[in-house]
Amino acid sequence: MKKLNELMSLDGKVAVVAGGAGLLGSQIAEVLAELGAHTIIASRNIEACRSKCEDLKSQFAGSKSTALELDISDKASINNCIKNITGNIGQLDILVTCAWSGKKNDWDSISDEDWDSDIEVSLNGVFRLIKAATPLLKQSSGTILNIASMYGIVAPDYRLYKDVPQANPPSYGAAKAGIIQLTRYLASFLAEDGIRVNCISPGPFPYQETIDQFPEFKERLCSKNPLGRLGIPHEIKGVAALLCTDASSYITGQNISVDGGWTSW
């Protein structure tokens, strides 16, 4: 019988974190590196990826990390990234899809172009990245961790966004709901290859500069939440560690909310 430290070890594993230089993606990259994985940081901003790799190497002595350019809205970029991993590393055990970009629209301001762009990045890009990575993941009986949102489960309360420029677009929640369902679908159809697929739905983890600039927005978010506070980025690490290691070897097709209880009422 394996001990917990053995179940949680990622020694010899290779993990890709798409969006691994971002607010939450960087925290997931850190915990995977801490557990021993060769961590590949991939995003459009290659300099930010390289900077994060250097940060990981300084935090975790002996850790391996690689920066790769990846634009999940570009099929060629996705294919080039996976070809790079196939040719230069030859292994992929964990894929984390945490990349996102979009505009802060609401129902009145969103355009057809905005909608199409958000769906392309937040849903279509995730589909294409997983599709391209599946052959490598089949070889390792790997793990996929998708990052959705509490707004893939519940609707935004419009009152939270009154008089602040932090509107939440309808395309975002629609795409994230699609990610949750895609997670379940893939958990079923990739199970025969030994691939596990799970999802995290983060709650309110706003950027610090947003909170500093709009304290009233912070107060509204906190009052809406059962725990009465905002999420701290490192609070994503525990569930990511669980779902990316053998500690969750009998868990697949699940969506876990890390939201301070937001979606519980």
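By the sulfur-distance rule used here (a pair of cysteine sulfur atoms within 2.5 Å), the count of disulfides is zero. This is a predicted model, in which local features need pLDDT of at least 70, side-chain atom pairs count only at pLDDT 80 or more, and totals for chains, interfaces and linings use all residues. Residues are numbered from 1 along each chain as its sequence is written, and side-chain values use heavy atoms, with hydrogens and water left out.

Take the cysteines C49 and C53. C49 is in no disulfide; its nearest cysteine sulfur belongs to C53, 6.9 Å away. C53 is likewise in no disulfide, with the sulfur of C49 as its nearest at 6.9 Å. C49 is buried, at a relative accessible area of 0%. C53 is buried too, at 3%. Buried here means under 20% relative accessible area, exposed means over 50%, and partly exposed lies in between (1.4 Å probe, protein chains only).

Now the sheet. Helices (H or I, at least four residues) and strands (E, at least two) are DSSP runs, numbered from the N terminus. Seven strands form an open sheet in the order β3-β2-β1-β4-β5-β6-β7, with parallel pairing. Two strands pair if DSSP finds at least two bridges between them. β3 (65-69) and β7 (255-258) are the edge strands, each pairing on one side only. From one strand to the next, the twist averages 20°.

Helix α3 (residues 46-59) lies across β2 and β3 and runs at about 175° to β3. Helix α6 lies across β5 (143-147), β6 and β7, at about 160° to β6. For these angles, axes are lines fitted to C-alpha atoms, for helices over the stretch in contact, and angles run from 0 to 180 degrees between N-to-C directions.

What lies in the interior? The largest nonpolar core has 34 residues, and L70, I85 and L129 have the most contacts inside it. A nonpolar core is a set of buried Ala, Val, Leu, Ile, Met, Phe, Trp, Tyr and Cys residues joined through side-chain atoms within 4.5 Å. Two or more residues come from each of β1 (14-18), β2 (38-43), α4 (75-88), α5 (112-140), α6 (170-189) and β6 (196-202). The largest share, eight residues, is from α5. Apart from this core lies another, of 31 residues, among them V31, C53, V239 and V258.

Not counting residues up to four places away in sequence, L70 touches A18, A42, S43, R44, S77, I78, C81 and L129. Contact means heavy atoms within 4.5 Å.

Helix α2 (residues 25-34) is mostly covered, with nine of its ten residues buried. Just after α2, G36 takes a positive phi of about 110°.

Aromatic rings come next. The whole structure holds three aromatic pairs. The rings of W100 and Y172 have centres 5.5 Å apart and planes at 85°, so this pair is edge-to-face. W100 lies in the loop between β4 (94-97) and α5, and Y172 in helix α6, so the pair ties together parts that are 72 residues apart in sequence. W100 is partly exposed, at 34% relative accessibility. Y172, at 16%, counts as buried. Another pair, Y185 and F189, is stacked: 4.3 Å centre to centre, with 10° between the planes. These two are four residues apart in helix α6, so about one helical turn separates them. Y185 is partly exposed, at 43% relative accessibility. Rings of Phe, Tyr and Trp (its six-membered ring) pair if their centres lie within 6.5 Å; planes under 30 degrees apart count as stacked, over 60 as edge-to-face and the rest as tilted.

One last stop is T210. This residue lies in helix α7 (residues 208-213). T210 is buried, with a relative accessible area of 13%. Leaving aside neighbours within four places in sequence, T210 is in contact with Q166 and F217.
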